[in-house]
Amino acid sequence: MDAVTVTPNLTMLRVQGWQVYVWRDGDSVTVIDTGAPGSGAEILAAASRIDRIVLTHGHVDHCGSAAELHDATGATAFAGSGDAEVIRSGAAMPPPAFEDWEIPIHKRVSAGLPEAAPPVGALRELHDGDVLDFGGGAEILAIPGHTDGSIAIHLPRHGVLFTGDTIANVGTVMLGTFNQDRAQTVASFKRLAELDVETACFGHGEPITAAARTRIRDAAATLTG
């Protein structure tokens with residue numbers, strides 16, 4: 001596991017190659033996404049106390065260890081309403097509408113991942129406009145397209161945005177891949193581009209720690225549905 005300091009409150013963990021974010025408000029700890037199944041012990045080594053778990057969407061590389069962390073800590077788990085039933089039941093997510101060029105990439109990056117994560121029965125649903133009690137007020141934005149229930153988390157007091165897989169930063173800021181509905185994902189990307197954020201954290205790729213809004217807006221301007 002690698003740990004990267006993003007801001008004084010925020011650490012990114014790379015666990016088994018997947019990205020997990022840990023936000024600290026003093027003694028209160030929030031984990032955003034949980035990596036693949038079996039990542040719990042490594043996450044707990046970095047954040048032995050966890051108060052809440054927020055899942056940006058239901059893909060197994062993002063919610064895979066949510067049940068393990070909930071069982072170990074009793075932390076409340078949250079996810080967008082559109083993906084909540086899949087996460088609760090431990091079912092497989094609906095498949096993306098692959099573009100041809102994405103198919104070999106998906107086969108490579110998903111090798112070794114199970115189709116579904118262990119169920120998270122005690123899951124609370126999030127909706128657009130909800131606010132969670134961390135980071136000075138964490139605003140939830142419903143951003144469907146990558147999945148029906150994809151959400152972003154915006155911390156306006158800190159200028160921080162968690163984009164999930166709607167935006168990636170793999171070499172360059174770009175539309176995330178493996179989307180259920182590309183046009184919806186583009187619209188959601190453009191919604192996020194309207195936010196005034198300094199720091200952006202992605203499901204895949206390096207965080208941006210300065211002037212993130214400029215790079216996101218520049219990328220959004222190139223996108224068509």
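Thr-34 sits in the loop between β4 (28-32) and α1 (40-46). Its relative accessible area is 0%, so Thr-34 is buried. The model is predicted.

**Around Thr-34**

- The side chain of Thr-34 has a polar atom 3.1 Å from the backbone nitrogen of Ala-66.
- The side chain of Thr-34 also reaches the backbone nitrogen of Gly-64, at 3.5 Å.
- Leaving aside residues up to four places away in sequence, Thr-34 touches Val-20, Ser-39, Ile-43, Ile-53, Leu-55, His-62, Cys-63, Gly-64, Ser-65, Ala-66 and Leu-69.

**Nonpolar cores**

- Nonpolar side chains tend to be buried together in soluble globular proteins.
- The largest nonpolar core here has 24 residues. Ile-43, Ile-50, Ile-53, Leu-55 and Leu-123 touch the most other members.
- Elements giving two or more residues to this core include the strands β2 (10-15), β3 (18-25), β4, β5 (52-55) and β6 (76-80).

**The largest pocket**

- The largest pocket has a volume of about 790 Å³.
- Its lining is made up of 31 residues. The closest to the pocket centre are Asp-61, His-106, Val-109, Ser-110 and Phe-178.
- At least two lining residues come from each of α2, α5 (102-109), β12 (167-169) and β13 (173-175).
- α5 gives the most to the lining, with four residues.
- The lining has 19 nonpolar, eight polar and four charged residues.

- Asp-33 lies in the loop between β4 and α1. Phi of Asp-33 is positive, near 70 degrees, although the residue is not a glycine.
- Asp-33 has 3% relative accessibility, under the 20% cut-off, so Asp-33 counts as buried.
- Ala-211 is found in the loop between β14 (199-201) and α7 (212-220). Ala-211 is not a glycine, yet has a positive phi of about 50 degrees.
- Ala-211 has a relative accessible area of 32%, between the 20% and 50% cut-offs, so Ala-211 is partly exposed.

Definitions and conventions:
Residues numbered from 1 in each chain as written. Predicted model: local features only at pLDDT ≥ 70, side-chain atom pairs only at ≥ 80, totals over all residues. Heavy atoms only, no water. Buried < 20%, exposed > 50% of the residue type's maximum accessible area, 1.4 Å probe, protein only. Polar contact = N/O pair within 3.5 Å; in protein donor to acceptor, adjacent residues only side chain to side chain. Contact = heavy atoms within 4.5 Å. Core = buried A, V, L, I, M, F, W, Y, C linked by side-chain atoms within 4.5 Å. 1 Å grid on protein atoms, 1.4 Å probe; cavity = no way out; pocket = protein on both sides within 12 Å on 5 of 7 lines; lining within 4 Å. Points joined across faces, edges and corners; volume = space filled by probe spheres on them. Nonpolar A, V, L, I, M, F, W, Y, C, P; charged D, E, K, R; others polar.
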